[in-house]
Every structure is written in C-alpha cells, then in structure tokens.
Amino acid sequence: MKITNLKPAKVFYYFGEISKIPHGSGNTEQLALYCMDFAEKHGLKSYRDKYGNVMIFKNGTIGYEESEPVIIQGHLDMVCEKNSDCIMDMEKESVKIVTDGEYMWADGTTLGGDDGIAVAYALALLESDDIPHPPLEVLLTSDEEIGLRGANALDASRLKGRRLINIDSEEEGVFTVSCAGGIRLICEAAFSSRYFDTDTMCVRKIKVGGLLGGHSGIDINKHRKNAVKILGDLLYELNDSLGINIADCYSGGRPNVIPRAAEALVCFDVSLTRAFEETVAKFSSELKNICSVTEPDVYIMVKDAELPEICSDEAGTEKIIFALMHTADGVYAMSPDIPELVQTSSNMGAVSIKDGVLKMELMVRSNTDAGKKEIVRKLFSFMEYIGGRVYKEDDYPAWEYRQASPLRDIMTDVYCEMYGKPPEICAIHAGLECGILDKKISGADMVSIGPNMEKVHTPRERINVKSAERCWNFLLKVLEKLK
C-alpha cells in the first residue's frame, strides 16, 4: 500500500515529501529551505534565522481575522538510527516508508515521525483554504534531538501569539503540560597505553547487541538495558579472569538514545584463548537468563579482529572498565508528587575511544532544577576522582505545571465533546521545547499533543495511521474553537 492512499491525504502527502529530504539532527538545512520555498509558493510571510529555525505566518480565516494568534510548534530534525545490516546513508538518502494501512514505518531505519508529523500537520494547515482557524504562527525549530539547540537560540520576538500547541508527544489522548529539563554532558578521561605485542597476543571484537534501546526520557523506566553498561560488566569479568587490554570501545547513537548495541576491541595472551571463550559463554548465558523478559533478543557476538597499534595497559584497562561500570546511568530518583513519574535520570548514550581518551556522552534529565544539579555534581565529582573532565552542553530548563490554563481547558472540552471522555493530563520525564519557549514567550499557555507513535528513536518506530487522522481532526476542531 502507498502512503498517498492514507488519510488525511494532505498530511501524509507532506509527510512523504519530508521523508524524501534527509533531515537528521545537524542536517536540517534542506528541509528548512523546503519549508521556506513552500511559504513563498503559497504567498505566506516567513522567516528563517541563522540557527535554522523557521517561522511561517498565515492570517486568520473569515470570522477569525482579529482573533489572538495560535502558535503551532514542532521541530525539523529526526534521530537517525538504523539496523546493523542497513547500508543506507541517512545523511544523503531518503527514508523508505512502508505502510499496511494500519501503521506506517521505515525500512531498516527510524521513520522520523518524531517530529515529521508536526511538520506535515503544519504544512497541511498552511496550505488549506477551507479550515477555519485564527491567525497561525508556525514555528519549526532545528536540532531539537541534540539538546533543543534551535529553541535555545531562538529570538521569539516575531511571535505575537501566547497560545501554543506543541505537536511532539507520542500518545493520543494525552495532554502533556509539564516536562523535564536536561543537560548534555561530555565526559573525557585519558588512560595509559602500551604498544601491541604481535608475538604473544591475539585480538577479538566483542559486540553486545539485540537490545530494545529507546528514548532516554520516555523509556528510561521500562527496565531496558544499556548495551554500554552490559559491555562494561563483561569487560570486568574478562579482565578479572584472564587480564585484557582494550584497544577500542564504541557505541553509536546519541546521548538521548538508550544504546541498543556496543562493542569493544580487546587483546589478551594467546594462551588464554580458551579461558576467554569460557568467560564470554558463561556471561552470555547468565545475561540471557536475567534479560529473558525485558530484553529477549540480547546477544553477545565475538569475532576475530585486525591487530591494533596500541591498547590500554593494565592501569588503563582498569580505568576504562571502572568508568563504564560506575558512571551514572538509569533512573536516579522517582517523583514524590506524581505517581510513576521518573524525576531524575542519566543516560550514557555514546561511548568512544580516540588517541588514548575515553569519551562518554550523557543526557541528564530532571523535572526539578535541584535534581538536575545534584546528579551533575556527582558526575563532576566522579570524573575528577578518575582524573577526567566534564564539559556541559545544551542545558535547558524544565517546563513547570500551570494551575490556570485556558488553552488546556478549551482543548479538554473539545476532547470530551469528540470522544465522550476526558483526556489524560500528564507530566513527562522527556524534554520538550516548551520548557525553553515558556521562558522566551512571556505568558505562554502551552499544551503538547500527538498521535500514537511507538518505539521512537529506533528502527522499530511506527505511527498508527488512524490515530494520526484522529489527532488531525482534533487539532482542526480546537482551532475552530480558538476565536
């Protein structure tokens, strides 16, 4: 089935057009230019700043000309993840969309529903000539997925609206009205090395894979394993059993993605090959038993590898393993006020070794400023203890709950009218741009919505087609009511 057969036709048409344009984080210029060209073709005022943020403006329809503007907001970038056997270059090639009419997904890669659906909704609204609505101010930001950078750099003075609908949530019927703040940390620690002895040592590449991964905010409480942490435990067992040297350690991905795979290049005395194999086999068996429910497809793969030039010495090996095992990762604290809400967490999303330096990229989140500061202090102290350094990037505030929200009230009434039941009002542990926009747009009244999307930030990502249609119809009804 083709995406062009899905409804609403214009929404999925634009989603298809967006998907033809590579738009991973840091690579959104082509999509931004597409949106600017769209505005010019439709006679709409538009603006693009030097950070790649796009604003497009449309007058209110008949009867809404003097209404207060409404900001429709989403982001241009997507997380680019792919299966290990996928050879596609996501920096240059189009996402290949697949649909069976019930769901829409991509072949071997992330789909980009987060947040392509917002861009598609916005363009379909801007093109329409038969949808009643107040003046629209569409704000599409850049590089949301790597620290909300576009929103952080935004000059919001061109925006006159104080009612903002963010379309970056992933569960239909849930109104998000508060979110966590976050900070990206880059932790680096140098370790001592030695030249590789080709006469007495052999090399193996170890890969931990098959994990579910996921969004480091939304999925952090689902007991999903971090491939880097598993790898750290395995390296400890190997070093304890036979003594190893580490030539490389790597996990792709981003700080805000729970790693699905990680690998290391290890060296050891050739006489200990059998001990190596036995240790890996025992660890693998225990791992599969422990993860049989939460990570049923986890695996450990070992294969021969090319000889490295240098590897860690004994002290360097211990330092690398210590860092991988003890750097904060996972849920740190639960909210005392909101049941089942993670309050503070840390995710070790990317690890690499280069020129004798171990680099770890983390995303720390908290729904309180104090919680974020606490875990950041601990990470700084830990890295100082092992002789490392920490660099801060992409620090953004939490979006705090507002007791009074006329926009939320109107949207709740519309939802009850359409579905015969109230929506769920919730706070999330993930970061939304609303936290930043709340500080940039004085008096902003904001609600975040979206259709049902599953397994975002992974190649298993998919959108429920009927939910996308219902969410679109709900958005149209809300705009009709916002006079």
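This is a predicted model: local features need pLDDT of at least 70, side-chain atom pairs count only at pLDDT 80 or more; totals for chains, interfaces and linings use all residues.

Trainee: What makes 4% count as buried for F38?
Mentor: Buried means under 20% relative accessible area. F38 has 4%, so it counts as buried.

Trainee: Which ring does F38 pair with, and what is the geometry of that pair?
Mentor: The ring of Y14. The two centres are 5.6 Å apart and the planes sit at 85°, so the pair is edge-to-face. Planes over 60 degrees apart get that label.

Trainee: Where do Y14 and F38 lie?
Mentor: Y14 is in helix α1, residues 9-19, and F38 is in helix α2. The pair therefore ties together parts that are 24 residues apart in sequence.

Trainee: Is Y14 buried or exposed?
Mentor: Buried, with 4% relative accessibility.

Trainee: Let's stay on α2. How do α2 and α3 cross?
Mentor: Helix α2 covers residues 29-41 and helix α3 covers residues 113-127. Their axes come within 11 Å and cross at roughly 10°. That makes α2 roughly parallel to α3.

Trainee: Which residues make the contact?
Mentor: From α2, Y34, C35 and F38. From α3, V119, L123, L126 and E127. So F38 takes part in this contact as well as in the ring pair with Y14.

Trainee: How many of those contact residues are nonpolar, polar or charged?
Mentor: Six are nonpolar, none is polar and one is charged.

Trainee: Back to rings. How many aromatic pairs are there?
Mentor: The count is ten. Another pair to look at is F175 with Y415. Their ring centres are 6.0 Å apart and their planes are at 80°, so this pair is edge-to-face.

Trainee: How far apart in the chain are F175 and Y415?
Mentor: They are 240 residues apart, so the pair links distant parts of the chain. F175 is in strand β8, residues 174-179, and Y415 is in helix α9, residues 406-419.

Trainee: Buried or exposed, those two?
Mentor: F175 counts as buried at 2% relative accessibility. Y415 counts as buried at 8%.

Trainee: New topic: charges over rings. What sits over Y103?
Mentor: The charged end of R462, 3.5 Å from the ring centre.

Trainee: And what lies over the face of Y64?
Mentor: K483, at 4.9 Å from the ring centre.

Key: Residues are numbered from 1 along each chain as its sequence is written. Side-chain values use heavy atoms; hydrogens and water are left out. Axes are lines fitted to C-alpha atoms, for helices over the stretch in contact, and angles run from 0 to 180 degrees between N-to-C directions. Helices (H or I, at least four residues) and strands (E, at least two) are DSSP runs, numbered from the N terminus. Angles under 35 degrees count as roughly parallel, over 145 as roughly antiparallel, 65 to 115 as roughly perpendicular and the rest as oblique. Contact means heavy atoms within 4.5 Å. Ala, Val, Leu, Ile, Met, Phe, Trp, Tyr, Cys and Pro count as nonpolar, Asp, Glu, Lys and Arg as charged, and the others, Gly among them, as polar. Rings of Phe, Tyr and Trp (its six-membered ring) pair if their centres lie within 6.5 Å; planes under 30 degrees apart count as stacked, over 60 as edge-to-face and the rest as tilted. Buried means under 20% relative accessible area, exposed over 50%, partly exposed in between (1.4 Å probe, protein chains only). A charge sits over a ring if NZ of Lys or CZ of Arg is within 6 Å of the ring centre and within 35 degrees of the ring normal.
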